[in-house]
Amino acid sequence: PAAREAVAAAEGAQERSLAFSTRAAFLDRFVLDAVGKRIRQVVLLGSGTDTRPFRLDVPPQLTFTEVDALAVLEAKAGAAEAASLHIRCAVRRVAVDVAAGEVADQLREALAPVVSSARRAGILFLLDEALEAWPASAQAEVLAAVAALAPEGSTIVGPAPTTDVAAALAEGGFGKMNIVNHLQLRKIFGAAVPEGTAMLVAMSGPQESRGPGLVGGRGGDGGEGTGGGGG
(Lines give C-alpha, C1' and ligand atoms only; values in the text may rest on other atoms or scores of the structure.)
Protein backbone atom coordinates (compact mmCIF):
# COMPACT_ATOMS: atom_id res chain seq x y z
CA PRO A 1 0.00 0.00 0.00
CA ALA A 2 2.78 2.42 0.88
CA ALA A 3 4.47 1.80 -2.46
CA ARG A 4 1.24 2.38 -4.37
CA GLU A 5 0.66 5.61 -2.47
CA ALA A 6 4.18 6.76 -3.27
CA VAL A 7 3.70 6.02 -6.97
CA ALA A 8 0.34 7.83 -7.00
CA ALA A 9 1.87 10.82 -5.24
CA ALA A 10 4.74 10.94 -7.73
CA GLU A 11 2.35 10.74 -10.68
CA GLY A 12 0.20 13.50 -9.20
CA ALA A 13 3.23 15.72 -8.69
CA GLN A 14 4.33 15.13 -12.27
CA GLU A 15 0.88 16.06 -13.61
CA ARG A 16 0.81 19.26 -11.55
CA SER A 17 4.29 20.14 -12.81
CA LEU A 18 3.25 19.55 -16.44
CA ALA A 19 0.11 21.63 -16.00
CA PHE A 20 2.09 24.46 -14.41
CA SER A 21 4.71 24.39 -17.20
CA THR A 22 2.03 24.42 -19.88
CA ARG A 23 0.22 27.37 -18.35
CA ALA A 24 3.47 29.29 -17.91
CA ALA A 25 4.52 28.68 -21.53
CA PHE A 26 1.07 29.74 -22.77
CA LEU A 27 1.26 33.02 -20.84
CA ASP A 28 4.84 33.62 -22.02
CA ARG A 29 3.70 33.40 -25.64
CA PHE A 30 1.10 36.08 -25.08
CA VAL A 31 3.63 38.42 -23.43
CA LEU A 32 6.08 38.08 -26.31
CA ASP A 33 3.27 38.48 -28.84
CA ALA A 34 2.10 41.62 -27.02
CA VAL A 35 5.60 43.06 -27.35
CA GLY A 36 5.44 42.47 -31.10
CA LYS A 37 2.12 44.34 -31.21
CA ARG A 38 3.67 47.27 -29.32
CA ILE A 39 1.60 46.73 -26.19
CA ARG A 40 3.57 48.31 -23.39
CA GLN A 41 1.47 47.47 -20.33
CA VAL A 42 1.22 43.98 -18.80
CA VAL A 43 -0.70 43.46 -15.56
CA LEU A 44 -0.14 40.29 -13.52
CA LEU A 45 -3.10 39.62 -11.25
CA GLY A 46 -2.07 37.39 -8.35
CA SER A 47 1.57 37.75 -9.41
CA GLY A 48 2.99 35.62 -6.59
CA THR A 49 6.61 34.72 -7.38
CA ASP A 50 6.31 35.39 -11.13
CA THR A 51 9.71 35.99 -12.77
CA ARG A 52 8.75 37.14 -16.28
CA PRO A 53 10.33 40.62 -15.93
CA PHE A 54 13.62 38.84 -15.15
CA ARG A 55 13.66 35.91 -17.57
CA LEU A 56 11.78 37.01 -20.72
CA ASP A 57 13.49 38.92 -23.53
CA VAL A 58 11.33 42.05 -23.36
CA PRO A 59 12.15 45.69 -24.21
CA PRO A 60 12.84 48.24 -21.46
CA GLN A 61 9.78 50.21 -22.63
CA LEU A 62 7.50 47.45 -21.32
CA THR A 63 6.00 47.85 -17.85
CA PHE A 64 4.87 44.94 -15.70
CA THR A 65 2.37 45.82 -12.97
CA GLU A 66 2.33 43.11 -10.32
CA VAL A 67 -0.82 42.87 -8.20
CA ASP A 68 -0.87 40.80 -5.02
CA ALA A 69 -0.83 41.02 -1.23
CA LEU A 70 1.77 43.39 0.25
CA ALA A 71 3.57 40.58 2.11
CA VAL A 72 3.91 38.58 -1.12
CA LEU A 73 5.27 41.54 -3.08
CA GLU A 74 7.78 42.44 -0.35
CA ALA A 75 9.01 38.86 0.01
CA LYS A 76 9.51 38.53 -3.74
CA ALA A 77 11.34 41.87 -4.02
CA GLY A 78 13.64 40.84 -1.17
CA ALA A 79 14.40 37.46 -2.75
CA ALA A 80 15.12 39.06 -6.15
CA GLU A 81 17.47 41.58 -4.57
CA ALA A 82 19.28 38.90 -2.57
CA ALA A 83 19.77 36.84 -5.73
CA SER A 84 20.97 39.91 -7.68
CA LEU A 85 18.47 39.19 -10.46
CA HIS A 86 18.66 41.56 -13.43
CA ILE A 87 15.35 43.10 -14.32
CA ARG A 88 14.73 43.66 -18.03
CA CYS A 89 11.98 46.28 -17.91
CA ALA A 90 10.02 48.52 -15.57
CA VAL A 91 8.11 46.85 -12.76
CA ARG A 92 5.37 48.49 -10.72
CA ARG A 93 4.04 46.71 -7.64
CA VAL A 94 0.47 47.19 -6.44
CA ALA A 95 -0.61 45.80 -3.08
CA VAL A 96 -4.21 44.58 -2.80
CA ASP A 97 -5.74 43.57 0.51
CA VAL A 98 -8.16 40.80 -0.43
CA ALA A 99 -9.23 40.29 3.17
CA ALA A 100 -10.36 43.90 3.41
CA GLY A 101 -12.89 43.40 0.64
CA GLU A 102 -13.85 45.93 -2.03
CA VAL A 103 -11.20 44.46 -4.33
CA ALA A 104 -12.78 46.13 -7.37
CA ASP A 105 -12.40 49.60 -5.82
CA GLN A 106 -8.79 48.88 -4.91
CA LEU A 107 -8.02 47.75 -8.46
CA ARG A 108 -9.74 50.70 -10.11
CA GLU A 109 -7.65 53.14 -8.09
CA ALA A 110 -4.38 51.21 -8.41
CA LEU A 111 -4.63 50.54 -12.15
CA ALA A 112 -5.79 54.02 -13.19
CA PRO A 113 -2.23 55.05 -14.24
CA VAL A 114 -1.84 51.83 -16.27
CA VAL A 115 -5.10 52.41 -18.13
CA SER A 116 -4.14 56.02 -18.82
CA SER A 117 -0.72 55.14 -20.26
CA ALA A 118 -1.98 52.21 -22.34
CA ARG A 119 -3.64 54.57 -24.84
CA ARG A 120 -4.90 52.72 -27.92
CA ALA A 121 -2.60 49.73 -27.64
CA GLY A 122 -4.59 48.07 -24.86
CA ILE A 123 -3.35 46.09 -21.86
CA LEU A 124 -2.42 42.44 -21.49
CA PHE A 125 -3.86 41.07 -18.24
CA LEU A 126 -2.36 37.79 -17.01
CA LEU A 127 -4.24 35.77 -14.40
CA ASP A 128 -1.28 34.25 -12.63
CA GLU A 129 -1.27 31.02 -10.64
CA ALA A 130 -1.35 32.84 -7.30
CA LEU A 131 -4.76 34.30 -8.15
CA GLU A 132 -6.22 30.82 -7.54
CA ALA A 133 -5.24 31.19 -3.87
CA TRP A 134 -7.60 34.15 -3.51
CA PRO A 135 -11.20 33.50 -2.40
CA ALA A 136 -13.53 32.60 -5.29
CA SER A 137 -15.59 35.73 -4.65
CA ALA A 138 -12.47 37.91 -4.92
CA GLN A 139 -11.43 36.19 -8.17
CA ALA A 140 -14.83 36.89 -9.72
CA GLU A 141 -14.72 40.49 -8.52
CA VAL A 142 -11.24 40.92 -10.00
CA LEU A 143 -12.32 39.64 -13.42
CA ALA A 144 -15.40 41.86 -13.48
CA ALA A 145 -13.39 44.91 -12.40
CA VAL A 146 -10.65 44.29 -14.96
CA ALA A 147 -13.18 43.82 -17.76
CA ALA A 148 -14.87 47.08 -16.80
CA LEU A 149 -11.74 49.23 -16.67
CA ALA A 150 -9.70 47.70 -19.52
CA PRO A 151 -9.32 49.92 -22.61
CA GLU A 152 -10.14 48.74 -26.12
CA GLY A 153 -7.58 46.32 -27.53
CA SER A 154 -6.96 44.59 -24.20
CA THR A 155 -6.62 40.85 -23.66
CA ILE A 156 -7.15 38.68 -20.57
CA VAL A 157 -5.30 35.36 -20.41
CA GLY A 158 -4.97 32.81 -17.63
CA PRO A 159 -5.98 29.42 -16.27
CA ALA A 160 -9.65 28.81 -17.05
CA PRO A 161 -11.81 29.72 -14.03
CA THR A 162 -13.93 27.03 -12.42
CA THR A 163 -17.10 29.10 -12.87
CA ASP A 164 -18.68 30.68 -15.93
CA VAL A 165 -17.36 34.25 -16.24
CA ALA A 166 -18.72 34.92 -19.74
CA ALA A 167 -21.44 37.31 -18.58
CA ALA A 168 -19.10 39.48 -16.50
CA LEU A 169 -16.51 39.65 -19.27
CA ALA A 170 -19.07 40.38 -21.98
CA GLU A 171 -20.57 43.16 -19.89
CA GLY A 172 -17.12 44.73 -19.73
CA GLY A 173 -16.69 44.59 -23.49
CA PHE A 174 -14.78 41.29 -23.78
CA GLY A 175 -17.01 39.64 -26.33
CA LYS A 176 -14.34 37.44 -27.92
CA MET A 177 -13.82 34.55 -25.52
CA ASN A 178 -12.44 31.06 -25.75
CA ILE A 179 -11.40 28.20 -23.51
CA VAL A 180 -8.36 26.33 -24.84
CA ASN A 181 -8.59 22.79 -23.48
CA HIS A 182 -5.87 20.20 -22.86
CA LEU A 183 -6.24 18.60 -26.30
CA GLN A 184 -5.78 21.94 -28.03
CA LEU A 185 -2.84 22.80 -25.77
CA ARG A 186 -1.30 19.46 -26.70
CA LYS A 187 -1.50 20.44 -30.38
CA ILE A 188 0.01 23.86 -29.69
CA PHE A 189 3.01 22.61 -27.75
CA GLY A 190 3.39 19.12 -29.25
CA ALA A 191 3.74 17.62 -25.80
CA ALA A 192 1.69 15.79 -23.17
CA VAL A 193 -0.74 18.02 -21.27
CA PRO A 194 -2.71 16.70 -18.27
CA GLU A 195 -6.45 16.31 -18.77
CA GLY A 196 -8.34 19.20 -17.22
CA THR A 197 -5.66 21.78 -18.02
CA ALA A 198 -7.39 24.69 -19.76
CA MET A 199 -6.69 28.34 -20.49
CA LEU A 200 -9.01 31.32 -20.80
CA VAL A 201 -8.44 33.84 -23.60
CA ALA A 202 -10.70 36.90 -23.71
CA MET A 203 -10.26 39.85 -26.06
CA SER A 204 -12.12 43.12 -26.02
CA GLY A 205 -14.51 43.55 -28.92
CA PRO A 206 -18.00 42.52 -30.11
CA GLN A 207 -19.36 39.26 -28.72
CA GLU A 208 -17.84 36.28 -30.51
CA SER A 209 -17.63 33.14 -28.39
CA ARG A 210 -15.27 30.70 -30.13
CA GLY A 211 -14.33 27.09 -29.65
CA PRO A 212 -15.78 24.92 -26.88
CA GLY A 213 -17.30 27.83 -24.97
CA LEU A 214 -17.23 28.83 -21.33
CA VAL A 215 -19.87 26.67 -19.69
CA GLY A 216 -18.58 25.71 -16.26
CA GLY A 217 -15.25 27.33 -17.05
CA ARG A 218 -13.98 24.35 -19.05
CA GLY A 219 -14.02 23.61 -22.75
CA GLY A 220 -15.01 20.41 -24.48
CA ASP A 221 -12.80 18.27 -26.64
CA GLY A 222 -13.73 19.62 -30.03
CA GLY A 223 -12.97 22.69 -32.09
CA GLU A 224 -9.81 24.58 -32.80
CA GLY A 225 -8.50 26.61 -29.92
CA THR A 226 -6.88 30.00 -29.85
CA GLY A 227 -3.20 29.67 -30.48
CA GLY A 228 -0.63 30.76 -27.93
CA GLY A 229 0.39 33.72 -30.02
CA GLY A 230 -2.36 36.10 -29.00
CA GLY A 231 -4.86 35.30 -31.72
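The following legends describe close-up views of a predicted model of one protein chain.

Residues are numbered from 1 along each chain as its sequence is written, and side-chain values use heavy atoms, with hydrogens and water left out. Because the model is predicted, local features need pLDDT of at least 70 and side-chain atom pairs count only at pLDDT 80 or more, whereas totals for chains, interfaces and linings use all residues.

**View 1. The protein chain contains eight helices and seven strands.** Helices (H or I, at least four residues) and strands (E, at least two) are DSSP runs, numbered from the N terminus. Of the 231 residues, 45% count as buried; buried means under 20% relative accessible area, exposed means over 50%, and partly exposed lies in between (1.4 Å probe, protein chains only). The chain exposes about 11,100 Å², of which carbon and sulfur atoms supply 54%; accessible areas come from the Shrake-Rupley method with a 1.4 Å probe, and for residues only the protein chains shown count as cover. Among contacts (heavy atoms within 4.5 Å) between residues at least 6 apart in sequence, 75% join residues at least 24 apart.

**View 2. Seven strands form an open sheet of mixed pairing.** The strand order is E3-E2-E1-E4-E5-E7-E6, where two strands pair if DSSP finds at least two bridges between them. Strand E3 (90-95) and strand E6 (176-180) stand at the edges with a single partner strand each, so one side of each is left without a neighbour in the sheet. From one strand to the next, the twist averages 15°. Axes are lines fitted to C-alpha atoms, for helices over the stretch in contact, and angles run from 0 to 180 degrees between N-to-C directions. Helix H8 (residues 182-189) lies across E6 and strand E7 (199-203), and runs at about 85° to E6.

**View 3. Strand E1 (41-45) pairs with E2 and with E4.** E1 and strand E2 (residues 63-68) run parallel and are joined by five bridges; leucine 44 stands opposite glutamate 66 in E2. Four bridges join E1 to E4, also in the parallel sense, and the bridge partner of valine 43 in E4 is phenylalanine 125. In a regular strand the side chains alternate between the two faces of the sheet. Both faces of E1 are covered, with Gln41, Val43 and Leu45 buried on one side and Val42 and Leu44 buried on the other.

**View 4. Strands E4 (residues 124-127) and E5 (residues 155-159) pair in the parallel sense.** Three bridges connect these two strands. Leucine 124 has threonine 155 in E5 as its bridge partner.

**View 5. Helix H6 (residues 136-149) has covered residues.** Its 14 residues reach 20 Å from the first C-alpha to the last, close to the 20 Å expected at 1.5 Å a residue; the expected span is 1.5 Å times one less than the number of residues. The buried residues of H6 are Ala138, Val142, Leu143, Ala145, Val146, Ala147 and Leu149. Their cover includes E1, helix H4 (103-110), helix H5 (112-118), E4, E5 and helix H7 (166-171).

**View 6. The largest nonpolar core has 37 residues.** A nonpolar core is a set of buried Ala, Val, Leu, Ile, Met, Phe, Trp, Tyr and Cys residues joined through side-chain atoms within 4.5 Å. The residues with the most contacts inside this core are Leu45, Val67, Leu107, Phe125, Ile156 and Leu169. E1, H4, H5, E4, H6, H7, E6 and E7 each supply at least two of its residues, and the largest share, seven residues, comes from H6. Apart from this core lies another, of 23 residues, among them Val42, Val58, Cys89 and Met203. Leaving aside neighbours within four places in sequence, leucine 45 is in contact with Val67, Leu107, Phe125, Leu126, Leu127, Asp128, Leu131, Val142 and Val146.

**View 7. Arginine 23 is a buried residue of helix H1 (residues 2-36).** Its relative accessibility is 14%. Not counting residues up to four places away in sequence, arginine 23 touches Glu129, Glu132, Pro159, Thr197 and Met199.

**View 8. Arginine 38 and serine 84 have positive phi angles although neither is a glycine.** Arginine 38, with a phi of about 65°, lies in the loop between H1 and E1 and is exposed at 63% relative accessibility. Serine 84 has a phi of about 55° and lies in the loop between helix H3 (70-82) and E3; serine 84 is exposed, with a relative accessible area of 63%.
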